[in-house]
Every structure is written in structure tokens, then in C-alpha cells.
Amino acid sequence: MPASPPAGAATAEASAANPIPQTPSRPRDLLTKDDCLEIFRQIYLARYFDVRLIKEKKRGRLRGTLYSSHNQEAILVGSLFGLRPTDWISPIHRDMPAFFLKDIGAGWHNADRVGMSIEEVCAQVWGKVDSPGRARDNWSHIGSRAKRIIHSTSMLAGTIPVAAGVVYADRLNGGDAVAVTYNGEGSTAQGVFHEAINYAAVHKLPVVTIIENNQWAYGTPTRLSYSQEDFARRADGYGIPGLVADGQDVFDVYDKVMEAVEWARSGKGPSIVECKTFRAYGHGDHDDDRANKYRTPDEVEAGRQRDPIAVCRRTLIDLGYLSGPDAEQYLAEGKNAADATNDDFPPDVVSYLNEGIDFALKSPLPSPEEGGMWVFKEGN
Amino acid sequence: MAAPAKLEAVGVGAKAPDELVTTPPPGLPGKKNYLTALKEALFEEMERNPDMVCQGEDIGRLGGAFGVTEGLQAKYGENRVIDAPISEAAIIGTSVGMALNGKTVMAEMQFMDFISCGFDQIVNMMATYSYRTAGEVNIPVVVRGPAGGYGGGALYHSQMNEAWFCNSPGLRVICPSTPYDAKGLLKAALRDGNPTIFFEIKELYRKTEIAEELPEEDYIVPLGKAAIRREGTDITLVSYGQNVAHCVQAAAELEKQGISAEVIDIRTLVPLDEETIFASLAKTNRLIVVNEAPMTCGFAGEIVSRVTTKAFHLLDAPPIRITRLDTPVPWVKPLELFVLPSVEKIVQAALKTVRY
């Protein structure tokens, strides 16, 4: 068994349980300067979405629990950036930005892109009728067949078999779509996680299972969820590749996920990509205070020392894509929602989300009778 | 089986044969058993719908533990007839995913007892899909498999757990008792577009007494339409599955004592044809409901509840439920028969009700 890095201190050199043979060039080497700057902007967008929603909740304007993706944005941006519009994803509660980041490369304001608009996502967060699910289930429990986003439930890992079935059907139809599923490390202990990945491995289905290992499954540390250090080693039992990515480094996530996606698309089957990261806050905002009791301040500080905004900024500076005053502005890294202001983010990111929120505030609540509708196909 | 029983299907497009066949000569051309009827439904729907997929444990090479899918993989290939690992949650979950991407799926449970291993995927993922997407996504998946007791199958090969699914909004729940209905209801379910739990009675699979001729032409039995298996005026016996035959036999016994019993086979639990039950009670004013699931929170209780809340004025006596005792299904015959409904239990209850 290869040496493993300590929890919360992931590096790009982290062990790969079962690597995919490397090609001479890394997927990131094909990214242009504009691609890299766009990736940086998308990380800001994901962070700003989180920061702003926490502020809105504190102002009493939101109902329900917030599951912050703070400090984990590189996983979403890095994994989604290289997907094709025809690919499917299944985000979970901590992946709310994934809904609008999917296919955002087709244009932030492009209504025809195969991803949700910021308006739709905000309408869902505010529980309004213009939500893709007409606000029938909460938070991340939305999806869209047309946008190729699988609808999640609260039963974690439960969307992995659904994703496997989706791409099974796609393959029957002659398609080459890949499904990327998002999961916390805690949900890998679910029986359905095993059943679904085993099924996908048997049928060589193009399913990439991302494990966002943020060290905490609600109040349970990783050592009580799994007996090995790298959750990617789950792959060993299925004879499929298991990769470990530095979840704080958007380009490392991009590399590993694209390797897995191409492996899947070429017919070689499923794989697991573990992205090591750290949960910035509590499980949900209801848990923030208690999380300060089951986690020590030192642990939290250590886990958050490599903010994905800072890591990405460093890479762009090293590449020469950011320099001078441009490299020194919008310093959102390391700031909690309470400390961050709009000035810490690019103005186009702020205005983009404002448009979504304005739309959500104007959207009406669903009519009460809708509560009794659509149990069956016939409508009631 | 006792004397031939009158069959009368209710509802548009549903035409049942006139009489139950009591003892068809083995191998008589034209007579088809319950299992053959199911098999025909699958072959015909696979032929009719190129977007249909079947999967389950051992359904391909083996043709299913009971042979319902025999020959299906040879005809339609491994991609459309999938031998799945022993993974009920993955079978249901992948079926939901295939349906999300445009397929119609038949998912076989080797025994309906095993459906509990896929329970979350059924009640939280599949059943709720239409509701939580405000109708954007419907899931045409039929989960079917053998169920029921009286065969010495013991605790884990005898269950009737239909009540779990009737209590999960969004699922059709079906249980045919004749070959004609088995074929017609399975075809209807595969075209319905809603997720369905389809209970087959394994003791009926090869029962020659109920073999019957099936129409040459394509037909369905519409969901939500009960069948009157025997007409009567003194008491109404409501049931489904293999207990329908017990009710018909009990009715024959009661006739000898001058009591005219009407037997209703509800055929589909969700949706339930209340009107046929109420219409019968308007004649008989007495109700016995029979099923082989446990009594507490079972579907017999649901029928009694609907009658007492919606048609209380029709009743002249308290309704009676005859169900399995609130026990698991034990193995050896005396134990099994002790806990399950029987003709004798129905007759005794009917006499008590009529004399109330």
C-alpha cells in the first residue's frame, strides 16, 4: 500500500490507489489562458454564491438549511469545466453551485446551455415557483432531464445507480455521454455505493464517482467512516481506477477528472476520483456552533489554510496569466462570509448573482394546491 | 378449486373468459397458465417497444428462478435483457436511471421478499420522482416478482408486503389472480408510465386449474377496475391474489347453506376501484375482506376504512378482516396454514356476519 498523506494536508502528489496510465501531456496543458482565467472567475462565482446566501440567511431572508461549499469550490469548477453538454451530473447538498456551473462555458447568460440558469437556481433556494422543481423539495434536490442533471434525494450515494442507469440507456442509444456523480466520503459507507459501483464496473459503464473527502461526515471523522486513508482505494475491490486529487487545486482536480472522464468515454468503464479537501463550516448552518465543539480550532485552521482561490491565484501568477495589480485584487481567500464584502469579488460575479436573486424575489410562491399534484404522471 | 365460478370483468376493454377452468386436460392447446401469460406479456411488450429493457437476478441465461423470462435474452440480447448482480438497490436504481433517460424497464425481484433490499430506491427515489419534479420526469419501471404463501416457502419466500408500497405515494400496486389478468395487467403497467410494484402469486404460476385461453389479439386490463368473480346478494367478499380462489370456494360452501356471496377481485390496490365494492355492498350490506398479509396496517384495513368512512350507511354488520395473523409466515404446513387465511376461516366469518 502506498504511503498516504495526512488528513487535511492533501497534495498534488497524493497517492493514487489505482492509477490510469499517464499520457505525456496533462489535460491542463491544453487549457488556454482564457480558459484558466475563466476557471478562476468560476471559483469566485461559486464562493460568492455561498457567501451571499449565508448573508441572506443571517438576514432572515431564506428558509431551510444551508450546506456550504466554502473551501470546496475547486472540486466543482475543476470537475465540471471539461465536461461536454451531453454529459450528466448528480450533485448533492454541498454542491449547489454545480447546478449553474454545468455547461456555463456555453455562456453565463446563455438560456440554451445544458445547465441551469442562475435565476432557476436562486428561485429554488428561495422556494419559489420558478424553481426547476417548483419548490417541492428543498435545497439541492432539483434536477432536470433536459439539462442532464440527476435529481438527488437525502439518501446519499443513492444517485450513483441512477447515474449508472442513465448512461446505460445512453449507450444503448449509441451515445457516448459520461455521468459524473458527487458524493461525500461519508456516503461511501452506504450499501448502495457498493452495489452501484459494482454494477457499473461489471457493465463497464462510463460513471465517474467523485468523492469529496472533506474529512467530516456531519459529526463523524473519516477514520470512523473508512479503515484506510485514501477513499480512492474503494476502487481496488472493483478492479477500476481510483485517483486522488488535491481538492484545493482546481487544476489538479481538472487533470484527474478529465483522465477519468476520457477513460470512461473511451469505453473502459467507471472510476473513482477522491478529492481531498476540508469542510469550512458545520455540516449545515444549523451545525456551525456545534461543529466548533467536535472540531478543534487548530484542525479547522489547518484544514482551511489552502483556500482554493489562493491556490488558483498562485498558479495563474506562476503561469504569467495574472500580474501586477490584477493579481492583487479581489482578495476573497480566507474570509468567512461574515468578513467578506462585495468588494472582494469581481463585479461581474456580483451582478450575475444579483440578477438571479432579483428574479427569485419577484417569483411567486407555488399555489397551495400544487402540494397535492403530480404524485402520478396524470397530475394528481 | 370448487365449482366453476362466474367471471365478470368490469371496465373498458377488459373481457375475461366466462368461466374459470377447473381441470383442464394437461397440455390442451390454447389453455395457458399464469406464468405463460406473464411471459407472453413480456415478449409482446419487448417486441412492441424497442425502448424496453428487462433486468434482474438470473433472468437472462437461466430465464429466471421460475422461468418467467425464459428465452427473452436469447431473442432480445444481453443489452436489453440484463443479468444483474445480487443487488436489489442497484437493480432498482439503475432502472430508474434508464427510465430517466427514456427507457421502459421491467425489473424482476427473484422473490418479492427481497424487495426490501431495494426499498430506499423504490420509496424515496422512484416513487417520488414525478412529485418532486412537478411532473417533468415519470418513471415507467415495473418491479415484478413472485410473492405469497401456502407453498412452504417459510419466512423469506412467502411474504406479501404490498402494504409497504400502498403506503408510499406515487406507486401503482397490482396483484393479478388469473392468467388473463396477469397478462393484461402487466402489459397495462408497462404502458402506464408510472412506477409500479407488480405482485405475482407464485403458487398460481403453474396451477393448471386456472389455465385459460387468452385472446390472440393485443389487450390490456385497465388499472383501477375490479372484477366480480361471482355474483351474490347476501355478503360481499373482497380480496386479491390467491385469496380470491379461497373466497370463491367459500362462496360455494356458503351457497350450500343458503347464503349468496359476491366475490370481488380488486386486481389493483393502487388505484383502487371503490365503486365496484360500494355497488356490491348496496346489495349485500355485509363485508369481509381477505388478504394474506398481516392484519395491522394491511390493505384489508384500508378497504374496511374506506367503506366505513364513505359507505357506512350501506353496512348492516361490522366488516371483518381475514388476514395472516400478525406473524411472519412459518415453514411447515400446519404452522403455515394456522397463520394464513383459509376457506374455513372465511366461511365461519361469513356465517357470523350474516347472523349479526
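Which residues lie nearest the centre of the largest pocket? This is a predicted model, in which local features need pLDDT of at least 70, side-chain atom pairs count only at pLDDT 80 or more, and totals for chains, interfaces and linings use all residues. Residues are numbered from 1 along each chain as its sequence is written, chains are lettered from A in the order in which they are written, and side-chain values use heavy atoms, without hydrogens and water.

A:Tyr67, A:Asn138, A:Trp139, A:Ser140 and A:His141 lie nearest the centre of the largest pocket, which has 46 lining residues. A pocket is an open set of points on a 1 Å grid over the protein atoms alone, where a 1.4 Å probe fits, with protein on both sides within 12 Å along at least five of seven lines; lining residues have an atom within 4 Å of a point. The lining divides into 16 nonpolar, 21 polar and nine charged residues.

Over all chains there are 48 salt bridges, each a side-chain nitrogen of Lys or Arg within 4 Å of a carboxyl oxygen of Asp or Glu. Three of them are tabulated here.

| Pair | N to O distance |
|---|---|
| A:Arg84 and A:Asp176 | 3.1 Å |
| B:Arg144 and B:Glu200 | 2.3 Å |
| B:Lys310 and B:Glu274 | 3.0 Å |

B:Arg144 and B:Glu200 are both buried, where buried means under 20% relative accessible area, exposed over 50% and partly exposed in between (1.4 Å probe, protein chains only). B:Glu274 is also buried, at 13%. A:Arg84 is partly exposed at 37%, and A:Asp176 is partly exposed at 40%.

Methods: Ala, Val, Leu, Ile, Met, Phe, Trp, Tyr, Cys and Pro count as nonpolar, Asp, Glu, Lys and Arg as charged, and the others, Gly among them, as polar.
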